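Me: Could you take me through how strand pairing and burial are read in a model of this kind?

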Amino acid sequence: MDVGKPQSTAFSGRIGKRLESVRKQLLSCGSVMAGLVEPHAQPLVTDALDKLSRMACRITVVGQIKSGKSTFINAFVRQPNLLPTAVTPWTTAITNLHFRQTPPGRCAASFTFMQRGEWDQIAMGAGKIRELTERLVPDFEPELLQRQATALAVRAREKLGPEFEQLLGRSHVFESLAPGTLEHYICSGEFTGLSSVGKYSDITSSADLYFQQGPFEFPATVTDTPGVNDPFLLRDEITRRNLGAADVYIVVLTARQPLSDQDVALLRVMRGLNKDRIVVLINRIDDFTDIEEDLPQVASFVRKRLADEFPGSSIPVACGSGWWAAQSLAFDPEAVARILRRPSAAHLCRGGILQREDLDPVVLGDPDTRARIAQALYAMSGMPAVYEAIETMTGLAQPAFSMSHIARGFTEMSRACESAARSELQILLANQASMGTPVAPSVFMPIYTQERDLLMQVAANIDASAEAIEAQLVRIIQEEQKRLRSSLGATIEAYAARERDVLVDTLSRGRTPRVWTHEGGELRRALLNDFRQGFQTSTNRLLAFHTRFVPELHKLLQSLVPTPDLAAPQSETLAIPMPTTIPLSRMLVLDLDHSKWGVFWNRNASATNAGDKIEALIRTEFAQVADELVDAAGRTFHDFGRTTMNWALGACRNIQQALKRRLEHLLAEQQIHASAMDRITAAREIGERIKVQAQRLKDNEALTQHLEHLARHIDSILKSEARKP
């Protein structure tokens, strides 16, 4: 990307437009299917429709303090005055901005307060700090998080007085969001009796705001996080704990100090993110005096650092100014005049929209010039490139995978309904043909009994197969988790042993380090690589198992329906999204730079003893990371297994239930025919049912065809985005 030129403005639609089109079609198809399936399959369809209706893309914004995150978010969601930006740091709690989603009740804003003891849980959740340090590092005091948690609780109690105890575990809900409300709950300003700014900030756990307007077609939640590199490490840990659920990540850097050596917290968080779903914004380029000279150097540096942290990746990097983007929307003449007076304003002319004479604030009175300035501010703000990158990434986000699974499940169920409808139509036609020659009860009942027993036998076989398949699935997942845990464990063991040997050799040579630090980047990258490869191996095994067991289920139906119209799944069209690797960003004792490490060396007479302790510390700390990764993989595998198996079994049982229902109808019809019912009336009734059933089959065939097209369309989105560099 040429950082001196305006970034792409090709994306002019709304984020998630293609996903929303698919979602609406699936909702429509599911509503039709709900009227076609048997009662046994209704819960499957209902659950899928509920999941589709609640689906949203989750976009999380992370960055250093003072990087301009709040200003950027205001411009990003096209509400330039939403989050106040005059207070630094602004965000002290997780703030969720929900777009195109139904709020609970008439809620426009909800602020949830901390539970009793939640500060301590957050502090102690950042690794087993107290237990490890007491056992391995005498006199080491990394209880900084705990001290900060205690300080925040004390400060909150002082601010709120008796109200403190009453608010814990509760929330404040507003039907409308009045100006100034946000400052009370998530602003870190110093609260005094003369100002309500920051009154509730120390006990606010999260804020949820609901909007219908925004740049999104598909429902979305934009999450603002406390800035990393905050002197309050507790806020840093709150950010890390809330990154795992995101689909797309926007990392905001400040142009003056991007990814500096002091930004260890930001890099640590980023290691846990999926590199295919990160977009980086170098923000505040308007702070440069000479953008044309300074920005290329900064952009090159950022890309090199990202390449070091994410080898082989091509994370998109946009360069711009959230402030410019915000003013392109709000266009406050005084603020724009200040922008035009700065040396960086010359960069606005690089897009070819403005001329030098347009940079004179005097021309702001001309409407045409104002419009051109607003257009230039937007074009050079980096926002178009951010929008375009996110639109691309939504094709790899969890909602896309979920809709792919739902489309495939709907297709399989629709084929089952189609097969049952065709079979039922054939039975009706055969019954119509035999209207002139009624079957005697002595002949009909043995046939009925035989068909009923066959249905019961097939149902029993399906149940037995389901139990066997589930047992095999559980065994495969357990074996894959064990293999994955062993692989990650071996990597940790080898690394810890190597660190021990290096340290022992250093100490044996009399080169005692004054302070020993260990950030663990190399090990984290190795674990990430091992996890990716291991997860893919496990995925391939699960997909192969799925493509084997579904055809076996279909064979059980051939005794009932010779051609059940159920296609065997193809492994190349299936996908299991890799879970978040956010455990790799877990803050460990090893991450903390503390002068007490010097005491650690001085009190150890034996280099071997020191080496053994460091080896044990690395093993113990990173074992937690490995366990979290393996558990996340297991949950993903179980979710995939349950979903695919339920739909496959549901399709089979739908056919079985439809045939059982039709058999009971035949018994009732036979009893009617055995009576003195008017043959003409009976023939008319069966003729009407044939017409209804023929139309039902036609509708079902059209539904199946449309769902097959949708499934292929979603797969093409996933494949095309996965192939992009």
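Me: Which strand is joined to β8 by three bridges, and in what sense do they run?

Reply: The general idea is that two strands pair if DSSP finds at least two bridges between them, strands (E, at least two residues) and helices (H or I, at least four residues) being DSSP runs numbered from the N terminus. Here three bridges join β8 to strand β9 (residues 317-319), and the two run parallel; within this pairing Ile282 stands opposite Cys319 in β9. Between β8 and β9 the chain passes through helix α11 (residues 291-309) in a right-handed β-α-β crossover, right-handed meaning that, with the strands pointing away from the viewer, the path from the first strand over the helix to the second runs clockwise.

Me: How far may I trust such details?

Reply: This is a predicted model, in which local features need pLDDT of at least 70 and side-chain atom pairs count only at pLDDT 80 or more, while totals for chains, interfaces and linings use all residues. Residues are numbered from 1 along each chain as its sequence is written, and side-chain values use heavy atoms, with hydrogens and water left out.

Me: Which strand pairs with β8 over six bridges?

Reply: Strand β7 (residues 248-254) pairs with β8 in the parallel sense over six bridges, and Val251 has Val280 as its bridge partner in β8.

Me: Is β8 mostly covered or uncovered?

Reply: Burial is judged by relative accessible area (buried under 20%, exposed over 50%, partly exposed in between, with a 1.4 Å probe and protein chains only). Strand β8 (residues 278-283) is mostly covered, with six of its six residues buried: Ile278, Val280 and Ile282 point one way, whereas Val279, Leu281 and Asn283 point the other.
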